[in-house]
Amino acid sequence: MSEKLLEINNLKTHFFTEAGVVPSVDDVSFSIKKGEIVAVVGESGSGKSVTSLSIMNLLDKAGKVVNGEILFDGKDLTKASEKELRNLRGDDIAMIFQEPLTSLNPVFTIGNQMMEPIRLHLKLNKKDAKARCIEMLDKVGIPRAEKVFDSFPHSLSGGMRQRVMIAMALSCNPMLLIADEPTTALDVTIQAQILNLMRDIVEDLGTAILLITHDLGVVAEMADKVVVMYAGQVVEYADVFTLFKNPKHPYTQGLIESTPKINQLYEKLHSIPGTVPNPLNYPSGCRFVDRCPFAMKQCITHEPNNTYTADGHTVKCWLHEMDRIENETLKEKVRN
Amino acid sequence: MQDEKLLVVNNLKKHFDVTKGFFKKDKSYVYAVDGLNFDVKKGEVLGIVGESGCGKSTAGNMIGQLLEPTEGEIIFEGEDLLNLSRSELRKRRADIQMIFQDPFSSLNPRMRVFELIAEPLRTHRKLNKKELRNRVEEMMDLVGLNRAYMNRFPHEFSGGQRQRIGIARAIALNPKLIICDEPVSALDVSIQSQILNLLVKLQKELDLTFIFIAHGLPAVKYISDRIAVMYLGKIVELTTKEKLFEGALHPYTEGLLSAVPIPDPEERTKERHIIEGDIPSPENPPNGCNFHTRCPFAQDICRNEEPEFEEKANGRFAACHFPLNTHLLEKNETVQST
């Protein structure tokens, strides 16, 4: 098995606001192997984007990693200096965001912006850097790359801008690409084009992708492994086939059932009652307890642990912890 | 099924003037909506889908009397809305209500929930204080809002609850037609299904007629009886949802359907028809068939001659010279003849 490229252990990122401390990311652990696509899925406020920003240390002033480690290629990024991080960003780790128009500078040409990381990290001269840019633009399927090189972001369509972002992110051959909702702002036909492109990239270049999304359709299409987040915590972690076939956490089950499939007809859609709890005042037990159809007494008072099940699942739920404890006592009885 | 037509739209057009230049020499227009023909039957849900810029919201705004059409007729219960006087139109507005996408910007932040829901009632109905309060309470119960929240402000609510306030406002006047413009697009997945279920429940209980505008196909499929697919200001296909998902006639519809990611990794291997290229600018739409620049089956005739939007078979309308899935057409026709 290939080695781990990125390993996040017990990450806690808190925001210190006037209203109090917001535990946006609370004890998150997962890892990504080389050339793998790991999807982090969750609703707004689940902490999925903050997790990705923590990796690159792009949090704003109020946010701080208060615990845990982020090991990239064996190096702990939470302890790295700003200079070391700057060398990593855009070189070994690249990032693309949801809205490509706001991530591109409107007053510089595409070429000007693309050359910057290439000249900085690959130490190429102007002529070679330009050749590299055009090669990358070609690779992501932009027609008339030379013309686009000299044009400004506003003259491109949303899909084209996202292609430019991907070309820019891949120009220095990163080992890890963090894609934060890369297709959310795009139309479905364009989304299908961009997802195809990202899949080709993984095959051709072996880049690992951390895909952050709220769309289970995109997850099912792209991911090898899935991290399901709810209220700042990882509630379930499994490979994509296991997760969709046999979701264990009631939240994951609810999420999958409430996502309508285009190839089915429904009498009534499944929905999860209630809303996400206020992050300033999370329940002391399980954070999903108010919306969970299976909530028990200990769910209100005690936070469940992560349970590892036989099919490679990790679930943070009392239901499965009970199963495990029962199994173990059973086994012990058999042994005795 | 009742086949009474509540709304008939004929040749509806909206061209926005984007003329530039100091002396306005270069006349140019954005052809946002360019000739729509459809009807909405009483008690049905008509879904309108399409990608950004296809004109679906512009069409909704024109029917909702928020935008004046450049050309065409909007016949509501036999009356052309565009020929009404201002006072007549004002009365008619109570019958046509809208629900908007963004529950954050469509509610006045300085008004309390009671005032928000009471506002349309105050404008159109003469109720005394007690009746007004009763009606507001009734509406809050209907959409699943706790009555105790009556004196709160919109910012105290989550997105899903705000959308419930918007829905309560829209149904307060017992309207005959509600235009829902992307009502769930801004909401989280688990909340989307709550709101969709609520809309379906209200539609059945209150016998409402909806025009449901959205870009999310699974949601449109769930709620609609018939679906119109728009591309570049025109309807390219219109049929019942069962027929549409059985097999599309227009290549754009097929591309759109197969582009929607399916939340099941087992379906990943399925072959997809990905539409290449970008949507052309509505300022300068292509000649002939609008879609020919991206269509894999385009022939010479498609580049020169615009296909007619016509009934290809029983209840299946499409605008295409070479419709797909013709076997479905033949099957339907034989069914008809026997």
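## Strand pairing in chain A

Two strands pair if DSSP finds at least two bridges between them. In this predicted model, strand β1 (residues 4–17) and strand β2 (residues 20–33) of chain A are joined by 10 bridges. The two strands run antiparallel. A hairpin of two residues links β1(A) to β2(A). Lys4(A) has Lys33(A) of β2(A) as its bridge partner.

## Helix α1 of chain A

Helix α1 of chain A covers residues 48–56. Its buried residues are Lys48(A), Val50(A), Thr51(A), Ser52(A), Ser54(A) and Ile55(A). Asn57(A) follows α1(A). The phi of Asn57(A) is positive, near 50 degrees.

## The contact between chains A and B

How many residues does each chain bring to the contact? Chain A brings 38 residues and chain B brings 32 residues. On the side of chain A that touches chain B, the elements giving two or more residues are α7 (158–170), α8 (188–205), α9 (216–222), α10 (240–245) and α11 (250–258) of chain A. α8(A) gives the most to this side, with six residues. By class, the side of chain A that touches chain B has 16 nonpolar, 16 polar and six charged residues.

## Where α8(A) meets α9(B)

α8(A) also crosses a helix of chain B, namely α9 (residues 251–259). The two axes come within 8 Å and cross at roughly 55 degrees. α8(A) and α9(B) are therefore oblique to each other. Their crossing is left-handed.

Which residues meet here? From α8(A) come Val188(A), Thr189(A), Gln191(A) and Ala192(A). From α9(B) come Gly255(B), Leu256(B) and Ala259(B). The residues of this contact divide into four nonpolar, three polar and no charged.

## Helix packing within chain B

Chain B has a crossing of its own, between helix α4 (residues 129–143) and helix α5 (residues 159–171). The axes of α4(B) and α5(B) come within 9 Å and cross at roughly 130 degrees. That angle makes α4(B) oblique to α5(B). The crossing of α4(B) and α5(B) is right-handed.

α4(B) makes the contact through Met139(B), Met140(B) and Val143(B). α5(B) makes it through Arg164(B), Ile167(B), Ala168(B) and Ile171(B). By class, the contact of α4(B) with α5(B) has six nonpolar residues, no polar residues and one charged residue.

Terms used
Residues numbered from 1 in each chain as written. Chains lettered and ligands numbered in written order. Predicted model: local features only at pLDDT ≥ 70, side-chain atom pairs only at ≥ 80, totals over all residues. Contact = placed C-beta atoms within 7 Å. Helix = DSSP H or I, 4+ residues; strand = E, 2+ residues; numbered from the N terminus. Nonpolar A, V, L, I, M, F, W, Y, C, P; charged D, E, K, R; others polar. Axes fitted to C-alpha atoms, helices over the stretch in contact; angles between N-to-C directions. Parallel < 35°, antiparallel > 145°, perpendicular 65-115°, else oblique. Left-handed = near helix turned anticlockwise from the far one by under 90°. Buried ≥ 20, exposed ≤ 12 C-beta atoms within 10 Å, placed from the backbone.
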